[in-house]
Amino acid sequence: MEASIERRSNVSLARRAWNIRRKAIQMGEVQGQGYVGQALGVADVLAVSFFHAVEYRAEDPEWEGRDRYQLSIGHYAIAFYAALMEAGILPEEELGTYGMDDSRMPMSGMASYTPGMEMSGGSLGLGLSVAVGRALGLKRKDSPAFVFNLMSDGELGEGSTWEAAMAAAHHKLGNLICIVDFNNQQADGASTGMCSSEPIDAKFEAFGWFTQRIDGNDIDTLVAAFDAAREHEGARPRVIICDTKMCKGVPFLEEREITHFVRVEPDEWQKALAVLDEETPE
Amino acid sequence: MTAATRARKYEPRKVPEGKQATSAMIASLEAEGYDTVAAPFGNALNALAEKDERIVGLSADLSKYTDLHVFANAYPDRFYQMGMAEQSLMGTAAGLAHEGFIPFATTYAVFASRRAYDFVSQTIAEEGLPVKICCALPGLTSGYGPSHQATEDIAIFRGLPDIAIVDPCDATDVAQMVPELVAYNGPVYARLLRGQVANVLQKHKPDYQFKLGKAQMIREGKDVLVISTGIMTMRALDAAEDLAKDGIDVAVLHCPTIKPLDTETILAGAGKGRLCVVAENHTKLGGLGEAVATTLLTAGVVPVFRQIGLPDQFLEAGALPTLHDMYGISRRAVGEQIKSWL
């Protein structure tokens, strides 16, 4: 399958992740808010997704041969837009429209607004079952494309996620890769502290999935995990559970009392950018 | 004030004389005097699937009880059994539709509307996907009690933008709606009648054909206009024959598509000085009755208006003929109510 132009470039994955973090902070500043903590945490996952693991054509987001990359967790839209811009699917000139009236980048991800957004997420726990349907559909069409479903640890609390997990294994969906961003943070506090989904890897294994649990902020580990997920030979769905750190890359935010919706003061957006800029990767 | 709409019945009982069997999931309706057709939904779907490769079927452990097993037997590789998981059913159907297929997803009406509503709303309707949700046991067609009585399914789905809602009356409606649901490029919620389904409409109007979005006059009459949907059109037609013996002339306008509503035909029929009765196998709240009332008031057409439908209650368990009589949707009860309003 033909790789996208961006993926052939010499820009490092670490630099891609850094760019995604930077764009997310810039969008956060536009609105004075946003799920920036999650965006910083998941930036490495998105960089490896869009610049290593996923097939797409930036100039043709609906290319039939593309891998379908679903954002189940619509709240992460700010991170996803940053990745879409970095991938060249959305023009960077639109960054300043984030969350504005008439923008193509509403605060929660919706398919009808944004090129490259495969589904309307946001009501949590929807994505994995839609991914099952897409994976079945691709198999019907004899397509070699994969379905990726990016979800959060919070969505593991929704029973529908486990309905879909059963269905994916039963229907032997080897073309489905689910990525769980495990940042251990939900609206009311730590996800493991309220109704824990642990041991999450054992649960997916018991459900019949090819399961990997990794440090989701380590680029090399992510690359290896995505490769293993693609190359696994069993007719089983694949899950990569990514332990990530909220606000990763901006230490003064990392150290803040971690909240679901991290509060950033008006003067802190530029400070956050300055912190990032101190360690610009090659 | 109390919220309980159903009395507790804990007192000891005696065994009654005669048999009053609870009508189970597979109960056929009391439909005396009509021929029946076997599995009109499944057979119509098979006929269409032969020509249209996009059609696939899914069920959540209820293919046999929605006649989708007929399709599953004919096209096993195009049928997906999702198990007892209605959210998974709807989300998976959405995913298949994203990939260009036209999924028919079947379960019982209660589960599609209550259990899986967010999935129907967000994965299917909000994305404008052509998923055809076809559900057995509409309204009061089971004696199992509220768990299986979909008394508010239409009210739930009427609030959902972009979804078409169909409540067929008989085998002709069920069979003929299938190709029209496929031709409609969007989401659909259709009530199903399964098993041996009565052939009602063509007995009364031999040239009747189902048309999505159209209400059709099945019977003319100068005293009363009944606007009805689903099996209540059968009840209205039967009651009209009874009332004719008393010299009461009843017109029946069959309105199987509840959304989008054929307001033009409804207004044309209602503005003639007749008693206007809306009859539906559904709670009187949020269904065809209120849709028609809004249509009439908005247009400044104000006939004497009455509703036949289920009460705003959790209904009882029991034998279906008993329950239909008790809640006013049997042939006899429909006739008596109309008579009382004249």
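**Close-up views of a predicted two-chain model**

View 1. D262(B) is buried because 21 other C-beta atoms lie within 10 Å. (Buried means 20 or more such atoms within 10 Å, exposed 12 or fewer, partly exposed in between; C-beta atoms are placed from the backbone.) This is a predicted model: local features need pLDDT of at least 70, side-chain atom pairs count only at pLDDT 80 or more, and totals for chains, interfaces and linings use all residues. Residues are numbered from 1 along each chain as its sequence is written, and chains are lettered from A in the order in which they are written. D262(B) sits in the loop between β12 (257–259) and α10 (263–270) of chain B. (Helices, H or I, of at least four residues and strands, E, of at least two are DSSP runs, numbered from the N terminus.) Beyond four places in sequence, D262(B) touches G213(B), K214(B), A215(B), C255(B) and T257(B). (Contact means C-beta atoms, placed from the backbone, within 7 Å.) V292(B) is 30 residues away along the chain, with 9.6 Å between its C-alpha atom and that of D262(B).

**View 2. Y81(A) among its contacts.** Leaving out neighbours within four places in sequence, Y81(A) contacts M27(A), L90(A), Y98(A) and M105(A).

**View 3. Where chain B meets chain A.** Here 21 residues of chain B contact 20 residues of chain A. On the chain B side, α3 (86–98) and α5 (117–125) each supply at least two residues. α3(B) gives the most to this side, with 9 residues. By class, the side has 8 nonpolar, 9 polar and 4 charged residues. (Ala, Val, Leu, Ile, Met, Phe, Trp, Tyr, Cys and Pro count as nonpolar; Asp, Glu, Lys and Arg as charged; the others, Gly among them, as polar.)

Definitions and conventions:
Two residues are in contact if their C-beta atoms, placed from the backbone, lie within 7 Å.
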